[in-house]
Amino acid sequence: MSLVDRVRQAVASVTDPELRRPIGELDMVREISVDGGAASVGIALTIVGCPAADRIESDVRRAAASVAGIDDVSVDVGVMTPAERRALTEKLRDGRPARQMPFGPDSLTRVILVSSGKGGVGKSTLTANLAVSLASRGLAVGLVDADVHGFSIPGLLGIPAGTQPTRIDDLMLPPVAHGVKTISIGMFLRDSEAVVAWRGPMLHRTVQQFLTDVFFGDLDVLLIDMPPGTGDIAISIGQILPHAEVIVVTTPQSAASDVAIRSGLVARQTGQRVIGVVENMAAFTLPDGTTMDLFGSGGGTEVAAALSQANDEVPLLASVPLSPALRAGGDAGIPVVVGQPDDSAARAITTLADRLVGRGRGLSGRPLPMSVARHDANES
């Protein structure tokens with residue numbers, strides 16, 4: 001293999017940090033020449049002002065310099081032509097027509113909706129931490145913040161205000177935080193305190209665009225943080241994703257558990273399957289060892305029992321104790337499963353993630369990690 005070919009091979013293996021694929025596979029490598037020990041490398045980025053430009057250039061320079069015999073590297077950075085971008089978006093869609101939803105019933109991605117009957121039960125905080133916990137296991141995780149009126153996912157994951165998806169023609173590349181590809185209406189508002197006062201049709205189109213125009217790539221699991229209650233978005237997602245699974249979040253008190261049951265029943269009416277209940281803000285242990293159940297007890301068990309059917313038992317998947325660390329992590333944008341993994345709430349959410357991974361099913365019907373289930377299905 002010639003020195004030029006070795007440089008090309010090294011450069012082609014550099015990963016685009018947004019698309020998460022090698023730039024050689026994305027046809028971003030251009031002319032490469034070597035004169036003595038000096039290499040000249042040309043690359044083409046997807047768009048002008050690509051936010052990952054500096055990192056890609058640095059990684060390309062480092063990859064070329066790692067080749068034996070190369071002492072100096074210059075990188076010429078250009079931009080793809082419109083025709084090249086069209087070819088790239090077609091490749092990313094893998095033959096799927098534009099604006100077609102990739103998470104249909106035949107998809108290998110598990111779609112899990114996290115819902116609640118009322119607000120204030122910690123559903124979004126739980127969803128953000130669950131997504132990060134799943135991603136820490138090496139799974140490819142996407143997160144859609146469908147709580148359009150009360151979006152909070154970007155802040156909970158520490159995504160800086162003003163961060164927007166990168167656009168490649170009609171595709172949007174979601175920002176990645178803690179290994180989770182994330183999209184939220186909050187990324188499209190110039191004023192972080194702007195109010196979204198939309199009704200049914202606009203809400204439906206927004207959620208649909210999140211599922212069709214955002215390029216998540218191959219995911220093991222897509223979590224959707226649902227708005228509380230049984231309004232327009234719940235109905236829209238029920239129509240778009242009738243095969244999705246649902247986790248219902250409640251607190252231990254009856255006032256929350258009673259309405260949480262309704263959200264599970266509405267999801268079931270659209271064909272979605274309720275796979276479990278999570279009780280948040282459960283009893284916690286004080287420094288002296290005593291236990292305090294600030295919001296009562298039994299709500300999670302009550303919801304699980306009410307949603308269970310003769311041939312489909314709905315389990316209580318986790319009971320997450322009230323935790324100052326969980327709240328503080330959400331305020332700081334550092335999920336507690338990352339910032340304080342030994343906290344009692346973090347451990348409960350980690351156990352929840354373990355249970356969900358164990359619920360992935362391989363071709364044999366045995367529990368398998370979701371990434372393994374994807375691999376087996378691709379091999380069949």
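Over which residues does pLDDT stay under 50, and how many contacts beyond four places in sequence does the model have for them? I start there because this is a predicted model, and where pLDDT is low, the predicted coordinates should not be read in detail. One such stretch is residues 361–369, for which the model has 14 contacts beyond four places in sequence, and another is residues 371–380, with 13 such contacts. For the protein chain as a whole, the mean pLDDT is 86, and 91% of its residues reach 70 or more.

Three strands form an open sheet in the order S3-S4-S5, with mixed pairing. Strand S3, residues 29–35, and S5 stand at the edges with a single partner strand each, so one side of each is left without a neighbour in the sheet. From one strand to the next the twist averages 15°. S4 and S5 pair in the parallel sense over eight bridges, and Ser 40 has Ser 74, in S5, as its bridge partner.

Helix H2, which covers residues 53–65, lies across S4 and S5, and runs at about 145° to S5. The buried residues of H2 are Ile 56, Asp 59, Val 60, Ala 63 and Ala 64; seen down the axis of the helix, they fall within an arc of 130°, so they line one face of H2. What covers these buried residues includes helix H1 (3–12) and strands S1 (15–16), S4 (38–45) and S5 (72–79). On the face of H2 turned away from its buried side, we find the exposed residues Asp 54, Arg 55 and Arg 62.

Notes
Residues are numbered from 1 along each chain as its sequence is written. This is a predicted model: local features need pLDDT of at least 70, side-chain atom pairs count only at pLDDT 80 or more; totals for chains, interfaces and linings use all residues. Side-chain values use heavy atoms; hydrogens and water are left out. pLDDT is the predictor's confidence in each residue, from 0 to 100. Contact means heavy atoms within 4.5 Å. Helices (H or I, at least four residues) and strands (E, at least two) are DSSP runs, numbered from the N terminus. The expected span of a helix is 1.5 Å times one less than its number of residues. Buried means under 20% relative accessible area, exposed over 50%, partly exposed in between (1.4 Å probe, protein chains only). The arc is that of the directions from the helix axis to the C-beta atoms. Two strands pair if DSSP finds at least two bridges between them. Axes are lines fitted to C-alpha atoms, for helices over the stretch in contact, and angles run from 0 to 180 degrees between N-to-C directions.
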